[in-house]
Amino acid sequence: MSDAPKRITLEQWDLQYEKLRVAGAFQPYYGGPLSRHLKDGDQRLLKLRYDNSAAALRLWNFLLTEKNRLREARAEGKRIVGTMKDLGTVPVMAYSFDNVVAFYPDGAWWIPCVMELSAGLLEIADSLGIDESFCPVRAMLGAFVTGAHFPLPDMLVCSVGATCDDFSAIAQRLEGLGHPILWWEMPHRRNPEPDETAVTLPGGFSAPKRQVEFVQSELERVKTALEELTGERLDAEKLSAGIKKANQVRRCLSELRHLAFTAQRCPVPALEMLIAEMLAIHFCSDRRETIAVLGELLDEAKARVQASVGVLDVDAARIFWVNPVADLQVMNLLEDCGGRICGTEYLFSHALDEIPEDLPPLEALAQMALADPMAGSSIDRAERICADIKMYGAEAVLISRIPGASHCALEGQVIAEIVQEKFDIPVVEIEVPPVTDSMRPTVRTRLEALVETVEARRRVAPK
Amino acid sequence: MRTIVYTCPYVPAEWIAAHGLRPSRVMPDSVGSVFSLAGREGVCPYVRGFIAEVTKNDRGGAVVVTTVCDQMRRAFDIVTRKCELPAFLMNVPNTWQSAAVQELYTDELRRLGRFLIRHGGKSPSNDALAAIMLEYDIARTSIFAARERLSAREYAERIAAFGRDGPSSSCVLRDASCVERNTQYAIRNTRYVPLAIIGGPLMKQEFRIFDIVAESGGRIVLDATETGERGMCAPLDAEGLREDPLSKLARAYFGGIQDVSRRPDSELYDWFEEKLTERAVRGIIFRRYVWCDMWHAELGRLKDLIDLPVLDIDTAGDFESEENRTAGRIGAFMEMLQ
Ligand code: SF4
Ligand code: SF4
């Protein structure tokens, strides 16, 4: 375990880095002081608070060097595949090939935040008719136009059907700009009818077998296209090996989440946990390193829990967080206000569930794809959230609304109602834009109010 | 007879009618307030209007919603939670190229059939379905044939009435005086500027747009809204109809309606090109709802791909309060074109 756990500034991290370096701490090939990323324009880093462990440093450095990794992969002659919208399915397949690196162009979602709007990506999207009535993922269009944030992929794959309108519309615009896309159909997950064979999916939802078969046939199409791209055949054995590796990541995250959400003192801050969870969806362009990064973070968390130390007060209000935040700083803010994260549904819980290893691998992937909380009804998603609220003992729910997102307006209401019907706990909905600076006092007030409500309820009904 | 309400053009009315039920395509009023939805930003006004219409609908026996867009898909969740009507969510794929998605659509029709039977319908024989399909096809053909003899508004209203009431109501111009009046209308109005209206579905009050255009010296010669010609299925291929009418029906709808939700939506542009050329259109009114990403994103694409002037009119769904602004903008557009 490193020093006493705490959250520190970027400046403090540079000092801490020096200390670690002098002490001979291991540095991976992408290691170095965090502040060097400011040179890339990542100005938001100056305003964040970070966990002070070497494991967190490695996590951040890994995240912030993805662009370099993709460029290196291209230089090495690897095929780069942009997998869009399915969050965690096609990358598992792609990384089962020897010579493919997959990444999510959707990840450009966070560029306006990390670069504090200085990259001009949203302006480019505006100029293409994709204005602020769309979700921040519109930054992806700008990233394709500038080519400055990731190399242009050799192939683009995008799931459509039971997906958001924002992405579907933006991806179509992208294709119209000359970036061909392989579209695959993701049907809306529905409950099996009485005369249909039901399949219980990873994570607990169920779907009719024929839907699983349909998705499997769509994934077969994607697999064939990847085989044509690479000239390499992906047999069941290789795909099964890829699934096993993905499950290594998922198991590690599951343990980490359990510790972070249930330990008496929170061992890993919300921001680092959010980033750790994100690694599951496409391994940040390096699956092997993802496993190592998460392994180190898990070891740190275990050591802290064993030593009964953590980064937050013991009595921090236990908040379940729904949807990712467009501004990462808000995760810090919750903790500054006296809250801690006890459960999350960042739109990709299915990418955290283990993929069945006892099924033909493509069928297992199809099941996993169908388990996507966004592919089914908001009622299903709310039920999953409720199950996790119960498991992690959350005392309140925060639904972070994504500006412009087609799903947020209606599903937020459904989720809030169902949670309140089940648990009678406070639910707050806050819209979080990519940079919250101008509305920080309002967001802070609402987070403080939520924490105070939790505290007041504890006084009335002490546990 | 129980009424089954729906709004999506991919729901074949014939299939519902063949089950002995009455299909009725809902056209919502201007935005109403629905439960606590009223204050929620980000909801497409048409979706809001649809939810309002369905929840207050006392004639309906059931409602069919489809997955063509995310907001409608989620509207289904609200309908199932807030409304007594039995509701069915039909999966309409966005991709269209493969046999597998075409089969998925046909499967969904079969599943819809089972739902209809659970709610008072009877399983149709192939003959019965084929007969109803022919009846609808004849009605549709007669509507198309009447286009040039009707004012643009009347034409749009006939399509809407056909959707609401089926072939019995509206489509055939039985009334001689109506034919006469409209023939005269067509003769009088040969010097108009031909326009197209492109976009999602219209709400009831929005038919005034056709009048506004006419009052400004234009005529909508192509109603490519979802509630207009674009939302009508392809003509029926009657050969061998009685052997497998359901597949023919699926082909006419899933293969015949071009929509913005399709991925890719290239065939929508083929359809636009063909119709815009055929009707010698000189300008496009692009009608879209605020918070509708699908159509909003298409505006830039339309401008890139179609070499015609485009007037973008967004609406929050309250036509009455927007009418003056809309009329002013259409007037200015027409001046530019004349
Ligand atoms: S609308 Fe939601 S699901 Fe879609 S890209 Fe944006 S955040 Fe992701
Ligand atoms: S207008 Fe747009 S958002 Fe509204 S129902 Fe149609 S496609 Fe969906």
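In this predicted model, the second largest cavity holds about 330 Å³ of space. Of the 28 residues in its lining, Val68(B), Cys69(B), Met72(B), Pro201(B) and Glu226(B) are the closest to the centre of the cavity.

**Second largest cavity**

- In chain B, the elements α2 (45-56), β3 (60-66), α3 and α11 (293-305) each contribute at least two residues to the lining of the second largest cavity.
- Sorted by class, the lining of the second largest cavity is made up of 18 nonpolar, six polar and four charged residues.

**Largest cavity**

- The lining of the largest cavity consists of 48 residues, and those that lie nearest its centre are Asp106(A), Gly107(A), Ala108(A), Trp109(A) and Trp110(A).
- Two or more lining residues of the largest cavity come from each of α2 (54-64), α3 (66-75), α5 (111-114), α8 (165-176) and α11 (270-282) of chain A, and likewise from α3 (70-82) of chain B.
- Within the lining of the largest cavity, α11(A) provides the largest share, with five residues.
- By class, 32 nonpolar residues line the largest cavity, together with five polar and 11 charged residues.

**Aromatic pairs and cluster**

- Over all chains, the structure contains 18 aromatic pairs.
- One of these pairs joins Phe88(B) and Phe115(B), whose ring centres are 5.1 Å apart and whose planes meet at 40°, so that the pair counts as tilted.
- Because Phe88(B) belongs to strand β4 (residues 87-90) of chain B and Phe115(B) to helix α4 (residues 99-118) of chain B, the pair ties together parts that are 27 residues apart in sequence.
- Both partners of this pair, Phe88(B) and Phe115(B), are buried.
- In chain A, one aromatic cluster is formed by Tyr29(A), Tyr30(A) and Phe62(A).

**Charges over rings**

- In chain A, Arg189(A) places its charged end over the ring of Phe205(A), at 3.9 Å from the centre of that ring.
- In chain B, Arg262(B) is found over the face of Phe254(B), where the distance to the ring centre is 4.5 Å.

Key. Residues are numbered from 1 along each chain as its sequence is written. Chains are lettered from A and ligands numbered from 1 in the order in which they are written. This is a predicted model: local features need pLDDT of at least 70, side-chain atom pairs count only at pLDDT 80 or more; totals for chains, interfaces and linings use all residues. Side-chain values use heavy atoms; hydrogens and water are left out. On a 1 Å grid over the protein atoms alone, a cavity is a set of points where a 1.4 Å probe fits but cannot get out, and a pocket is an open set with protein on both sides within 12 Å along at least five of seven lines; lining residues have an atom within 4 Å of a point. Helices (H or I, at least four residues) and strands (E, at least two) are DSSP runs, numbered from the N terminus. Ala, Val, Leu, Ile, Met, Phe, Trp, Tyr, Cys and Pro count as nonpolar, Asp, Glu, Lys and Arg as charged, and the others, Gly among them, as polar. Grid points are joined across faces, edges and corners, and a volume is the space filled by probe spheres set on the points. Rings of Phe, Tyr and Trp (its six-membered ring) pair if their centres lie within 6.5 Å; planes under 30 degrees apart count as stacked, over 60 as edge-to-face and the rest as tilted. Buried means under 20% relative accessible area, exposed over 50%, partly exposed in between (1.4 Å probe, protein chains only). A charge sits over a ring if NZ of Lys or CZ of Arg is within 6 Å of the ring centre and within 35 degrees of the ring normal.
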